[in-house]
Amino acid sequence: MGPGDAVDGRVFHVKLPGHDAMARRAEEHVAPTRVMLPRRVVVGPARQVGKRLLMALLVLAATVLIVWIDRNGYNDNADGEVDLLDAVYYATVTLSTTGYGDITPASDGARLINVVLITPLRVLFLIILVGTTLEVLTERTREDFRLKRWRSNLRDHTVVVGFGTKGRSAIMTLLATGLGKDQIVIVDPASKVVEAANAEGYTGVLGDATRSDVLLRAELQKARQIIIATQRDDTAVLVALTARQLNRGAKIVAAVREEENAPLLRQSGADAVITSASAAGRLLGLSVLSPSAGTVMEDLIQQGSGLDLVERPVIKAEVGRNVRETDDLVVSVLRGHRLLGYDDPAASPLQLTDRVITIVRVSPGSGSVPPNPMPPQRP
């Protein structure tokens with residue numbers, strides 16, 4: 001039965017899942033799971049080998065030209081004369097240090113040229129060949145060393161599942177609060193997406209985030225925050241279940257398309273669930289009723305400029321005060337696991353263990369936003 005088919009006079013509408021980064025396997029071949037660190041120099045291996053091969057051919061051509069010009073100074077044991085083919089042959093066996101001895105420099109000039117020109121070209125040729133081999137061998141060692149160092153130094157980082165529009169927007173907000181790119185790990189099953197993340201300076205893990213081994217490669221067990229920005233709600237639920245199983249203390253924030261799936265995602269371990277479609281719709285409705293109010297709301301959710309929502313701990317000078325007596329505009333008080341409104345009588349006086357959510361005015365580069373404030377821990 002398809003969507004919109006009629007049964008017994010009634011029309012049933014089936015909600016079809018949207019396209020998701022986690023469902024790209026049918027469209028794109030996914031490479032084996034691996035961690036991809038940002039590259040300092042983006043040069044393809046084929047281009048490197050091609051460049052070295054061209055250099056080796058140029059050295060060979062230069063050697064052939066030198067021997068051909070001074071061919072009268074060489075002796076061929078076969079027929080006594082050195083033609084173009086003999087020059088190519090001599091250059092090849094000489095540069096490869098084979099040296100059969102059937103063609104030899106006979107004159108003093110030819111021997112001097114061998115010492116001054118042919119020998120340095122032979123050394124250069126060997127350097128090119130050996131250098132290519134060593135680079136291939138050392139590249140793997142270098143990557144393994146970088147990966148081990150990255151794993152040992154990574155602590156309290158943020159794992160972002162999905163590098164689409166929502167994932168990128170979430171990362172931009174985190175960067176605006178002072179979080180560094182080295183503290184963000186992207187997980188996505190599409191190699192092109194992970195390569196794009198690498199190009200922007202992020203570490204990427206190629207694989208399906210619903211699998212625990214993929215999340216372990218992202219060091220999720222040591223993460224402080226997890227952002228689930230997939231496009232399919234069922235994928236988000238599976239990722240949340242797996243992530244919560246691996247890390248009991250991390251804060252998990254997830255996005256869903258349908259509001260009816262939000263409770264299921266919370267039961268799966270998410271601390272906060274954002275309904276993307278409903279949130280956008282409410283912002284549209286608010287903008288229709290009051291364009292200025294819509295502008296203010298949009299400004300609030302864009303970190304780093306204008307008005308920002310900031311969660312911070314209560315300072316000692318504010319302990320015992322009313323929420324209206326603080327320097328910042330307090331909109332909510334987080335006490336334990338209770339979120340109290342500014343007008344709630346229980347919100348005042350403020351306690352030292354409270355955290356307040358305030359509205360502050362910032363400008364780009366002003367540094368008014370506290371860098372990556374610590375989120376409340378799960379019990």
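Mentor: Happy to; we'll take the sheet and then the salt bridges. This is a predicted model, where local features need pLDDT of at least 70, side-chain atom pairs count only at pLDDT 80 or more, and totals for chains, interfaces and linings use all residues. Residues are numbered from 1 along each chain as its sequence is written, and side-chain values use heavy atoms, leaving out hydrogens and water.

Trainee: In what order do the 4 strands of the open sheet come?
Mentor: The order is 12-15-13-14, with antiparallel pairing. Strands are DSSP runs of E with at least two residues, numbered from the N terminus, and two of them pair if DSSP finds at least two bridges between them.

Trainee: Which are the edge strands?
Mentor: Strand 12 (306-313) and strand 14 (338-341), each pairing on one side only.

Trainee: Is strand 12 mostly covered or mostly open?
Mentor: Mostly covered: 6 of its 8 residues are buried, meaning under 20% relative accessible area with a 1.4 Å probe, protein chains only. Strand 12 is joined to strand 15 (residues 355-362) by 8 bridges, and Pro 313 has Arg 355 as its bridge partner there.

Trainee: On to charges: what does Glu 311 form with Arg 355?
Mentor: A salt bridge, with the closest N and O atoms 2.7 Å apart. The term needs a side-chain nitrogen of Lys or Arg within 4 Å of a carboxyl oxygen of Asp or Glu. Glu 311 and Arg 355 are both buried.

Trainee: How many salt bridges does the structure hold?
Mentor: There are 10. Among them, Asp 354 meets Arg 335 at 2.8 Å, N to O. Asp 354 lies in the loop between strand 14 and strand 15 and Arg 335 in strand 13, so this pair ties together parts 19 residues apart in sequence.

Note on methods: Buried means under 20% relative accessible area, exposed over 50%, partly exposed in between (1.4 Å probe, protein chains only).
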